[in-house]
Amino acid sequence: MESLIQIVNKLQDVFAVIGEHKIDLPQIVVVGSQSSGKSSVLESLVGRSFLPRGTGIVTRAPLILQMIRYTKEERDKAIKLTKNNDIKSWATFLHKPETIYDNFDEVRYEIEKQTDVLAGSNKGITHESIVLKVFTLSYDLTFVDLPGITKVPVGDQPEDIDEQIQELILKYVQLENSIILAVVTANTDPTTSESLKIARKMDPNGIRTIAVVTKLDLIDKGTIQDTTELLCGHKIPVKLGIIGVVNRSQKDINDNKSMKETLKSEKDFLRLNYPEIYKKHGNKVLAKTLQDILVKHIKKTYPILHKSLQDTKTRLETELKTLQTPDSKVSFILNLLKNISKSYTDTILGNRKDVSDTIVMGGARISEIINEEYLDKINQINPLHDLTDEQIGVILLNTSGITKSSFVNEKALEHMISRQLSNLIEPSMSSIDFVRVEMLKIFDAIDENVLETLKRFPRINSDVRNVLNNMLDKKLNNLKDFIKSFIETYQSCLNTTNPNFLIQLVRSSSDFQDTNIAAFMSNNSIKNTKNHKCVSLEDNEKKENENYIQLFKQMLSGINDLDNNIETSKQVKIHKSLTECYFNFIKEIIRDFVPKRIHHKMVKLVLETFEQELDEKVFTPYVINRTFEEVMTEEEGVIDERQKIEEMLNAVNIALKNMVDIQCV
């Protein structure tokens, strides 16, 4: 059964070699404050003294400690290499696999040396791990020993050392497959234990936490009952158990007290002070419990781990395929350009299989810009923006010159309408700009694999983007010129006799109709307008509309001279109303025309010609100039990335092969 742990050890070895990875391996993570007895617990389990000691932060790198119960063949091999016939336990490091250490003082020295290599010789910490294998007859176990929790920097420690340590600890304990071994001291209040605070934060229900209570021999005799309640699980809510231990004191270490003697002293102490529960505590019980927990945990997490490895393998194979060096550079570039064009077109037309369910993108976003945002801006424009009654009066006077104007001053009306229609130009131009920007952004949202392949080759990437950018610039300038000219046409060519405009006048507000027609008719000696209106309404609405149109034609023709007594305010009111109505009439035409023109002469045209442009402006020059070798120069770092992925994929394949053995256990 213990072979399961050795299999996981193999997985740890595989992934430790490649450094950072996202594979969540089942493992026991040891968490405790500085001077909590964390190192003593591990040394008692191993049965040898080998961990660095001293003041401040001693452990500055994660130490993956693998206890391996060796076979006769492995011992014979160790004897042959060390020439030590009395060897009973030894150690090796993953970074020095050929070196066997049968002197554990040298193990301590190597840990210190490698820590300085990884973390520097100051008091900083590192996330890079040291893998230590200890071959023993005791147990199959594996631990991750982390720096002791501290709050106050000492000596030349960094000011944020507490945050650095917290970050490193959380990196390991937050993993669902990690068992948290929280070290708690008996001579302090467990509710203030930093290790338990972290455990509760990452494992609030305590389902993957086991607590180890140290320094039982340092408590006051009068508090033994309280400690008994603690050891019985009445104070710490953890599901995997609470085990008390008595480790070597500093005096024992100074006196070189053996581990065997320490275990005997521990057993005697527990039997004397905790006679009812002593069989459930001690380092031997701790080792056996941890071994059982780890084996069960490995079996429980196997399906999840196996699926994670399979998913990772699939992902890495896809990434590696994207990063592979092509056999034929010509066909590779040609296919890449075709894939770019197709993916870009599919993204805008909504033909992608990987449709986003979180953001509006592609053609849908373009549609929002030209069919919603643009129309909203146009609709919010006040037809009489920055045109006051006083200004209208001045315009009427100035356009009349030395003569009196007719009832409707056509020159004034043309001036005001042209002025107000200019307010439609800016939002129309902005809408084109927004579409251009969006079409450039869409390029970065095409198929991820295609995009990643393109990014590998800076020259091709630059050339392709330049083609799209130039196409959009050309279409943008032509489109802006055309739409601006289109609006200016309505500014310079006023047509108030347009039947559609006249109908809109008829359908405009009743106040406008009643007030202005009444004013017009009163100035032309036409009586009883309202009665005529009522009769017409009763007779036939269509006939009334025709009458109104005839009246408006007369008003707008300017054939009726103004009475000398007519008030200027009446002229202001009718010109104001006519300007507003004509503006709205032209606005309807513009708001319908501009989106269609943008779609037809910019979006659609780019999609129809993008592949052809890529062929003419990118591929053909490569062929003529024979620059395929040059343009296929990869981005800096791609080779390293490919090598890293290959190493990771190899590690995953080895891990999957090793995991076959778990199914057979």
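Predicted model: local features only at pLDDT ≥ 70, side-chain atom pairs only at ≥ 80, totals over all residues.
Local features were taken only at pLDDT of at least 70 and side-chain atom pairs only at pLDDT 80 or more, while totals for chains, interfaces and linings use all residues. Residues are numbered from 1 along each chain as its sequence is written, and side-chain values use heavy atoms, leaving out hydrogens and water.

Helices here are DSSP runs of H or I, at least four residues, numbered from the N terminus. The bend is about 50° at Y302, with P303 following within four residues; a bend is the angle between axes fitted to the seven residues ending at a residue and the seven starting there.

Turning to the pairs, α13 (residues 389–400) packs on α14 (residues 410–421) at about 135°, axes 8 Å apart. Axes are lines fitted to C-alpha atoms over the stretch in contact, with angles from 0 to 180 degrees between N-to-C directions. Q391, I392, I395, L396 and T399 of α13 touch K411, A412, H415, M416 and R419 of α14 (heavy atoms within 4.5 Å).

Helices α11 (residues 329–349) and α16 (residues 448–455) also pack at about 135°, with axes 10 Å apart. Here F332, L336, N339 and I340 of α11 meet V450, T453 and L454 of α16.

Notes
Helix = DSSP H or I, 4+ residues; strand = E, 2+ residues; numbered from the N terminus.
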